[in-house]
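This report walks through selected parts of a structure, one topic at a time. Please keep the sequence and the model in view while reading.

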Amino acid sequence: MTDCLLSARGIAKSFDQNRVLHGVDFDISAGQVVALLGENGAGKSTFVNILSGALPRDGGTIVWSGAETVFRDTRSALDAGIIHIHQELSLISSLSVMENLFIGDYMTGKSGIIDRKALAAKARELLARVGAAHIDPRVEAGSLSTAEQQIVEIAKALARNARLLILDEPTASLTPHEAEALFAIVRDLRAHGVAIIFISHRFDEVFAISDRVVVLRDGRVVGDRPVAETTRAGIIADMTGRAFTFDALDKPAIAADAPIRLKAEAIADKGRVGPVSFALREGEILGIFGLVGAGRTELLELLCGIRPLAAGTIVRPDGIVPTNSTEAWQSGLALLPEGRKTNGILPSLSLAENVAVAKRQKSGGILDLGVEKSLFARFRDALGIVSEGPEQPIRRLSGGNQQKVIFARCLASEPEILFLDEPTHGVDVRTKADIYKQIQDLAKKGMSVIFVSSELPEVLALASTVMVLSRGRQTLLAPNQGLTENDVLTAAFAQA
Amino acid sequence: MTAANVVRFVRTRREATVLAMLVLVFLGLTFASEFFLTGRNLSNVARQISVVGIVALGQALVIIAGGIDLSVGSVIGLSAVTGAIVSATTGMPSLGIAGAIGIGMAIGFANGVLITKLRINPFITTLGTLSIARGAALLITNGNPQRFDNWAAFLGYGKIGGLPVQFILLVALTIIVWLFATRTRWGRNVYAVGDNARAARLAGIDVARTRILVFTVSGSLAGLGGLLLGGMLTNANPNLGLGYELDVIAAVILGGVALSGGRGSIGGVVIGAALIGLLRNAFVLLNVSGYWQTITIGLVVILAVGADSLNRRSEED
């Protein structure tokens with residue numbers, strides 16, 4: 001490529017001991033749309049964060065419009081015209097659209113007073129350029145829809161003379177119609193010479209708007225082709241071609257006449273997930289796979305009564321269907337939620353309390369602290385929790401150990417059905433192995449497990465039955481016998 | 001406990017800082033005023049500590065659960081006049097006691113329901129009930145103080161074995177609330193809810209019921225506080241307890257309870273209340289202007305919390 005706008009060579013990055021990027025080469029020219037694909041954890045976000053100056057790189061060079069450059073922070077990348085629009089939008093919702101567009105530079109001149117009329121006129125000009133003349137620049141940004149906010153973000157990028165625009169899953173929360181409008185803007189920007197890096201999990205979008213497709217896997221570029229030479233199957237093969245990192249665990253055979261613990265018949269909430277149907281038997285491990293936003297967490301919440309059921313029925317042998325999390329735990333369900341910090345730990349409370357908290361809700365009012373301490377000791381030994389003792393506040397533990405404590409909380413309540421939402425998210429390899437082994441042992445003893453994971457190898461290694469969700473719909477439900485990564489990914493990308 | 005542990009305890013626990021202040025003020029007063037260590041004065045101090053302490057016990061539970069109850073001062077006024085009026089009109093002091101505590105309980109329960117069911121912020125809700133309860137007290141009395149000198153008032157002015165009855169109540173309630181907070185499921189749920197409400201809910205705790213419970217306890221104890229204060233003066237003034245919420249919250253914070261919720265000990269709260277009571281007494285004995293006492297209490301709160309925050313920071317670095 002002769003007229004490269006940006007050319008990255010050998011970009012490397014590690015977090016602690018963990019190497020995330022192994023020498024990534026990447027080129028993009030003005031007026032080009034490059035799709036950047038890869039599984040969760042492949043290094044996409046790390047790479048674009050280095051380009052936009054949000055993270056320092058450990059090695060490699062970046063040539064920006066002909067000159068070697070180091071962007072020390074997002075400010076300097078921004079000044080150069082590299083603008084990163086994150087998945088979580090960053091408009092200030094209580095300020096008006098025009099204030100958001102020109103934040104940091106209200107063009108006040110000497111007086112220091114904002115000329116609202118001039119600002120509004122400039123804002124209208126910008127909004128018209130992105131085909132959003134219907135948005136009134138004087139309304140609060142927070143009153144706009146997600147799609148409109150996204151468009152305002154792009155207009156804001158134009159206000160800063162963007163030359164390279166990084167869009168991180170821009171369509172994740174848009175309707176197809178809104179996404180189409182966004183693509184029209186992207187095509188227009190391309191025609192005006194703006195380079196665009198487009199991160200998405202949706203293949204149809206990738207084929208619709210990109211010129212080139214770059215696939216990352218385990219921090220390396222494994223595919224870099226013009227879109228015309230790319231196929232859906234080819235991309236999936238590139239994304240998953242890695243050596244299988246999990247030992248194939250032996251999956252317990254589920255007897256066809258094993259008692260059913262929970263049966264879901266066409267259950268759905270209001271719009272995020274459903275209809276979903278399955279029957280969960282004693283000792284069965286149901287692994288649920290899907291892309292971020294496919295409705296996996298929502299499905300678990302539905303089953304645990306945390307999210308109201310809008311349609312369908314849940315049947316359990318004892319007839320109890322919980323309508324809130326208290327009832328769920330009392331009726332023999334246990335949930336390890338996604339988001340350890342926000343939804344899992346009670347940060348200031350002791351380890352013993354973090355373990356005992358759910359079990360307590362089932363028993364009487366007076367506590368026996370001695371019993372709770374020995375309960376903790378039991379799980380400390382069984383799960384290998386490294387700590388200073390039962391009185392230590394949980395916030396002082398490492399993430400992996402915190403996760404084991406929350407896992408112990410679930411087991412301590414002696415559940416019939418264990419719900420695990422991303423149980424190995426952000427934990428190291430050894431902890432992962434510990435957790436897998438525990439799940440398998442429990443299933444052998446008759447506990448039923450439903451777990452959600454975005455790591456495909458994990459699902460295939462652990463589950464006795466695999467369910468795949470795509471945009472809230474159930475696109476696959478099959479025993480994990482002879483299933484390949486390809487089968488599962490095809491279902492995950494399916495247009496249900 | 002080794003010496004190093006003791007040093008660590010003193011450095012890292014606000015209760016310890018405040019206990020040290022308490023001892024200093026106590027010793028200082030012993031030397032500065034010949035009246036301080038007299039039975040009459042000490043029983044006055046004990047009375048002063050008692051009402052703040054009893055109301056602070058409830059407030060502490062609310063703050064540990066991540067809330068705040070600004071209505072306690074007004075509830076004191078409303079329950080004092082309710083107790084006086086009910087016992088006078090029915091001729092049954094026991095009904096007066098029930099009425100005083102009952103009205104406090106009702107307001108606390110209402111606070112809890114408004115906060116959990118209508119999802120109004122605790123600060124706003126209790127600011128509203130602060131105003132409503134005070135207005136109600138003035139309305140039912142037409143602004144006039146009510147005579148309150150039947151045996152129900154004995155709880156406020158009486159003594160048993162040389163000790164003020166209200167002080168005995170404080171000791172008993174401290175033990176009960178302490179047991180509740182440390183040894184019962186509901187008490188520990190209070191800490192869990194204040195520490196991380198989302199995680200607490202997902203772990204099966206009934207968060208709404210826990211919040212309603214703490215506000216109800218706080219209201220009930222404020223109701224008792226009103227009964228005691230009215231009884232002590234044998235006169236229930238509708239303006240009783242004006243601004244009391246600030247002393248109570250100061251005592252709770254001095255006692256080491258984190259305003260962000262999830263942390264704090266019941267013992268600490270009583271120490272905090274004792275320090276405030278002692279400081280108030282000091283200004284009377286030393287004949288310093290009452291205005292200075294208000295300033296000093298503000299300074300002490302900032303000093304204690306500031307020292308604590310500095311220590312905590314050096315701990316975490």
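## Strand pairing in chain A

Two strands are said to pair if DSSP finds at least two bridges between them, and both helices (H or I, at least four residues) and strands (E, at least two) are DSSP runs that are numbered from the N terminus. The model is a predicted one, in which local features need pLDDT of at least 70 and side-chain atom pairs count only at pLDDT 80 or more, while totals for chains, interfaces and linings use all residues. Residues are numbered from 1 along each chain as its sequence is written, and chains are lettered from A, with ligands numbered from 1, in the order in which they are written.

In chain A, strand β3 (residues 33-37) runs parallel to strand β9 (residues 212-217), and 4 bridges join the two; at one of these places Leu36(A) has Val214(A) of β9(A) as its bridge partner. On β9(A) there is also an antiparallel pairing, over 6 bridges, with strand β10 (residues 220-226) of chain A, where Arg212(A) is partnered by Pro226(A). The hairpin formed by β9(A) and β10(A) has 2 residues between the strands, and Asp218(A) in this hairpin has a positive phi near 50°.

## The largest nonpolar core

A nonpolar core is a set of buried Ala, Val, Leu, Ile, Met, Phe, Trp, Tyr and Cys residues joined through C-beta atoms within 7 Å. Here a residue is buried if 20 or more other C-beta atoms lie within 10 Å of its own, exposed if 12 or fewer do, and partly exposed in between, with C-beta atoms placed from the backbone. The largest core has 232 residues, and Ala155(A) and Phe419(A) are the ones that touch the most other members. Helix α3 (residues 39-64) of chain B contributes the most to this core, namely 14 residues. At least three residues of the core come from each of domain 1 (4-240) and domain 2 (260-492) of chain A, where the bounds come from an automatic or database domain assignment.

Which residues are in contact with Phe419(A), leaving aside its neighbours within four places in sequence? They are Leu300(A), Leu303(A), Cys304(A), Leu333(A), Ala334(A), Leu335(A), Leu336(A) and Ile450(A), where contact requires that the C-beta atoms of two residues, placed from the backbone, lie within 7 Å.

The expected span of a helix is 1.5 Å times one less than its number of residues. For helix α14 (residues 399-412) of chain A, with 14 residues, this gives 20 Å, which agrees with the 20 Å between its end C-alpha atoms. Of these 14 residues, 12 are buried, among them Phe407(A) and Arg409(A), and after the helix comes Glu414(A), with a positive phi near 45°.

Helix α11 (residues 207-233) of chain B reaches 39 Å between its first and last C-alpha atoms, close to the 39 Å expected for its 27 residues. This helix is mostly covered, as 24 of its 27 residues are buried, and just after it Thr234(B) takes a positive phi of about 45°.

Ile103(A), by contrast, belongs to the loop between α3 (97-101) and α4 (116-129) of chain A, and it counts as partly exposed because it has 13 C-beta neighbours inside 10 Å.

## Chain B as a whole

Chain B has 14 helices and 4 strands. Of its 317 residues, 53% count as buried, and its C-alpha atoms fill a box of roughly 60 × 55 × 35 Å along the principal axes.
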